[in-house]
Amino acid sequence: MIRIENVSFAHGAAPVLHDISLDIPRGGITALVGANGAGKSTLLSLIARLAPLQGGRIVVDDLEVGACRSDELARKLAILPQTADAAPRLTVRELVGFGRYPYHKGRPGRDDHAKVEAAIAAFELGALADRPLDTLSGGQRQRAQVAMTYAQDTDYVLLDEPLNNLDIAGSRALMQLLQHLAREHGRTIVVVLHDLNYASAYADHLVTMRAGRIAEAGHPTEVVTADMLRDTFGTEAGVHHVNGAPVVLV
Amino acid sequence: MPSDLSLTGAAPAPLRRLLPGQNARRLALLALLLAVSAAPYMTLGSRGNWGFVLPFRGAKLAALVLVGMAVSTSTVLFQTITRNRILTPSIMGFDALYVMILTGAVYLLGGHGVMRLPPTGIFVVNAGLLVLASLALFGTLLGRAGHDLMRMVLTGIIFGTLFRSLTSFLQRMIDPNEFAVIQVGSYARFTQIDTDLLAISAVVLLAAMAAAWAMRHRLDVIALGHDAAINLGEDPRRGQIQALVLIAVMVSVSTALVGPVAFLGLLVVSLARLITPTPYHGVLLPSAGLTAGIVLVGGQTLMERVLALSTPLPVIIDLAGGLVFLILLLKGLRR
């Protein structure tokens, strides 16, 4: 479980997060949604120690973010940042190989090589394994990035708007992949999403944020309502139910 | 597992990586080339007592190789922590800063005052000041503008010009007789090398290179960028500061030995990236060091022994390196 207690954050004088407390359950997919500038990405980067905590505390299972060793947390939690432009000249195999760094610190053993090859196979990157990242399409690159976090072998995987720049086929495939990681491999996925329909279709747990505060949290069927859309997103949109799942009419 | 994640792939690109073992073979080849270019440097055109020639030339050869290693290693470190392949410590004004500190010392203490101090003492104080100054100037810059290449280029040009202008301002205020003391330090010179400092330079440099070598795996990760490095459990800020200290130390060594070298670092590191294309510093650091040694020793042999010094080597290196800089800059802008 990721426990967030009384976390506040400000960029200079501008407050971004106001005294947030939230428990993200272990297992399944938790989606963070909210209007632009609501603080979703900031919260995610605080959990992943990409930015230093200013107030409050965050505990991942038994590791306190900021207090525990960074490499220990790197074996517990992985993040795929929004701008994952890491080294365009790397080949796919080299990129995925870096996922093992928290374990081998630059000296990969046989076990590490095996895990890298397993990740490449699991994400069907075999044909692309020796291609540099900058020769791949956006979707292929995204898949290689997720394969790297898979090879990092962490209980928690955080993704910041992974559907940016993906078409509908790419978006659906990625969400199915995340679902597969959560269900078959027992990983806990926390993902910032823009599209509410993807969130309600794939998430087990939905958290909405509004102006730096947590607004609602629960199963998508409880959270996604016309009232929520008005209060949280400031827009009047209808919500229908298809096979029991809420669908926002856009 | 779903497989339809983006079927629209780019056309297959030619393999840019070498097969396993090929990098090692190329490193061995570079080492051989360095040995081949060192032999004529030591022996060609010598008239006289070998007991004098060998130690005399040996010291100069050692100095050239040391300078090559210092310049190439500091360039690799700088390019890694700034995440670009265009900027080098020289372009950002590190060695101009060193010359400025030296000029300031002459201005304050007088030429005779400086000459009376032991050269080792001057070197140690200069290197220490350069470490502090570069941390203050570039350490803050890296945090804020680290992602903005154009801003880094502009800052480098402004710093470099500022340091050179301040230096020439100080030089104008200095007694003309004392100017001779710094004039030697203001231009690259591979023929008259200050071998007085060789022993301490070698010790300092070997320590700095050992530290850089120990960082090689961390540098691989820091090269991935701030967020990716943290995700893998590495603190990029700590690595950047450590690398900056090593860079300042290595620039001090090479500037003290042969003066500012301008585009040498860019030239040899760009060559090394072509010869051994790899993201791993365990290969790139030795490859760049050997390439620098070959360019300096081989070039100096050619100029000094074969072409009888019609053109100084720094001119050729700066011409070639300047061209590489322009090409890289234009390529970087188009991307």
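The expected span of a helix is 1.5 Å times one less than its number of residues. Helices (H or I, at least four residues) and strands (E, at least two) are DSSP runs, numbered from the N terminus. This is a predicted model, in which local features need pLDDT of at least 70. Residues are numbered from 1 along each chain as its sequence is written.

Helix H1 of chain B, residues 22-43, comprises 22 residues and reaches 32 Å from its first C-alpha to its last, close to the 32 Å expected. Its buried residues (under 20% relative accessible area, with exposed meaning over 50% and partly exposed in between, for a 1.4 Å probe and protein chains only) include B:Leu27, B:Leu30, B:Leu34 and B:Tyr41. Seen down the axis of H1(B), the buried residues fall within an arc of 135 degrees, so they line one face of the helix; the arc is that of the directions from the helix axis to the C-beta atoms. On the other side of H1(B), B:Arg25, B:Leu29, B:Leu32 and B:Val36 are exposed.

In chain A, six strands form an open sheet of mixed pairing, in the order E6-E7-E8-E3-E9-E10. Two strands pair if DSSP finds at least two bridges between them. Strands E6 (77-80) and E10 (213-218) of chain A stand at the edges with a single partner strand each, so one side of each is left without a neighbour in the sheet.

Methods. Chains are lettered from A and ligands numbered from 1 in the order in which they are written. This is a predicted model: local features need pLDDT of at least 70, side-chain atom pairs count only at pLDDT 80 or more; totals for chains, interfaces and linings use all residues. Side-chain values use heavy atoms; hydrogens and water are left out.
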